[in-house]
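Please keep the model open while reading.

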Amino acid sequence: MSTTAIALGVAIAAPLLLRLAGSKGPARTATIPQAEERVVIIGASSGIGSELARIYAGRHAHVVLVARRMELLQQLVQELTPTAGSMHAVQGDVTLPEDVRRITVESLKALNGKIDTLIICAGIISVLPFEELAGIDSAKAATGGSDANGTSDSDYCHLLPTNADKALEASTRIMNVNYHAPLNLTSHFLPALTRTSAAGNIIVVSSMAGKVGAPTRSIYCASKHAAQGFFEALGMEVERTGVHVGIVSPGTVATDLRQSAVDLPKAEGSSTSSTLAAPVKVAGTKKGAMTAKACAEGIVRGSDLRQHEVIMPWFYKVSLVLQMVSPSLVRWLAKKKYGYL
Ligand SMILES: NC(=O)c1ccc[n+]([C@@H]2O[C@H](COP(=O)([O-])OP(=O)(O)OC[C@H]3O[C@@H](n4cnc5c(N)ncnc54)[C@H](OP(=O)(O)O)[C@@H]3O)[C@@H](O)[C@H]2O)c1
């Protein structure tokens, strides 16, 4: 049998095996009926998070919505209160330790001291090529890329990036939202999940960017890879306590996530990072993107089945197998998607 035939066989069989390996026994809804589930959704004001809110409300669950934009949360509360078991909004910035503590207390208070499911969906992105962000391109342009040749320190300044601080600042902001905040939220909610639920779940919305690299998304990829590593390890540590950790890795979803790009200019007076000064063309096609609703449905299904890993849409599982069999093909596909061929 040729190597190509073997690669193809693996590419087709592995997703099926992954799917089987990912689901564990009967649905969790047998233990926690839908209308009794107590859910906290972090990052619920828009996109995937708001669709999660709609699904849990439709199941008559008890839900707490968390984000910074309180007006959006309040609109959702108004829309969903008639169907939900109960629906509350808690405003907070998950990068602020004092807010995380308050979010935890207020959420538990709203849920009468009990929680079954913590969904960490808050996230932000970066969209510029790293060289552009750090001013490596402009340093080259200013000097024509000439080599250094001199005796004083200043003779070498033209070889330095013009904006390294900006790159570091973007990285710090993204890591704070996409990695440190999920870690801190987990610390805060874990005791209650362990003690007050018959089958506590922590569900983290990562990304395919946490699995494979993509040009123009270097800092975002780094943050999602960090979260992926943390939650994979944590899942094994806490399994014995009855708490399940599920990591969801969607491909492109049709939301306004790109509005949160920390490396694009923000509108003046914007209270959050979610309003760009002007519409900007960003690398990376949204063609074939899944809807936020479909993504949210996949997340809820993964939580019900207590799947350790949810990858959506299904064909991205093939790319993970391909990554082992033919990494150069996956690099080619990623470069094509982001216009780097
Ligand atoms: N869209 C995609 O293509 C895609 C693909 C794969 C994975 N994902 C992941 O899916 C998750 C949800 O993204 P989305 O696409 O639904 O984008 P979105 O509509 O921009 O949602 C992001 C959510 O995060 C919240 N958030 C951001 N910073 C926060 C902070 N400091 N404190 C509290 N909440 C904060 C935002 O609320 P406020 O601004 O009101 O605070 C908003 O509710 C993210 O983790 C993202 O990385 C998205």
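How many residues does H9 have, and what does it reach from its first C-alpha to its last?

## Basis

This is a predicted model, where local features need pLDDT of at least 70, side-chain atom pairs count only at pLDDT 80 or more, and totals for chains, interfaces and linings use all residues. Residues are numbered from 1 along each chain as its sequence is written, and side-chain values use heavy atoms, leaving out hydrogens and water.

## Helix H9

H9 has 13 residues and reaches 18 Å, close to the 18 Å expected at 1.5 Å a residue. The expected span is 1.5 Å times one less than the number of residues. Helices (H or I, at least four residues) and strands (E, at least two) are DSSP runs, numbered from the N terminus.

Buried residues of H9 include Ala292, Cys295, Ala296, Ile299 and Asp304. Buried means under 20% relative accessible area, exposed over 50%, partly exposed in between (1.4 Å probe, protein chains only). Among the elements covering them are H2, strand S4 (117-120) and strand S6 (244-250). Just after H9, arginine 306 takes a positive phi of about 50 degrees.

## Nonpolar cores

A nonpolar core is a set of buried Ala, Val, Leu, Ile, Met, Phe, Trp, Tyr and Cys residues joined through side-chain atoms within 4.5 Å. The largest has 33 residues. Ile41, Ile48, Leu52, Tyr56, Leu65, Met87 and Ile299 touch the most other members. Elements giving two or more residues include strand S1 (38-42), helix H2 (47-58) and helix H9 (292-304).

Apart from this core lies another, of 30 residues, Ile42 and Leu185 among them.

## Two buried residues

Isoleucine 42 lies in strand S1. It counts as buried because its relative accessibility is 0%. Beyond neighbours within four places in sequence, its contacts (heavy atoms within 4.5 Å) include Val66, Ile103, Ile119 and Leu185. Its C-alpha is 9.9 Å from that of aspartate 93, 51 residues apart along the chain.

Serine 107 sits in helix H4 (residues 97-110). Its relative accessibility is 1%, so serine 107 is buried too. Not counting residues up to four places away in sequence, serine 107 touches Val40, Val64, Val66, Val90 and Phe189.

## H10 against H11

Helix H10 (residues 315-325) and helix H11 (residues 327-337) pack at about 130 degrees, with axes 6 Å apart. That makes H10 oblique to H11. Axes are lines fitted to C-alpha atoms, for helices over the stretch in contact, and angles run from 0 to 180 degrees between N-to-C directions. Under 35 degrees is roughly parallel, over 145 roughly antiparallel, 65 to 115 roughly perpendicular, and the rest oblique.
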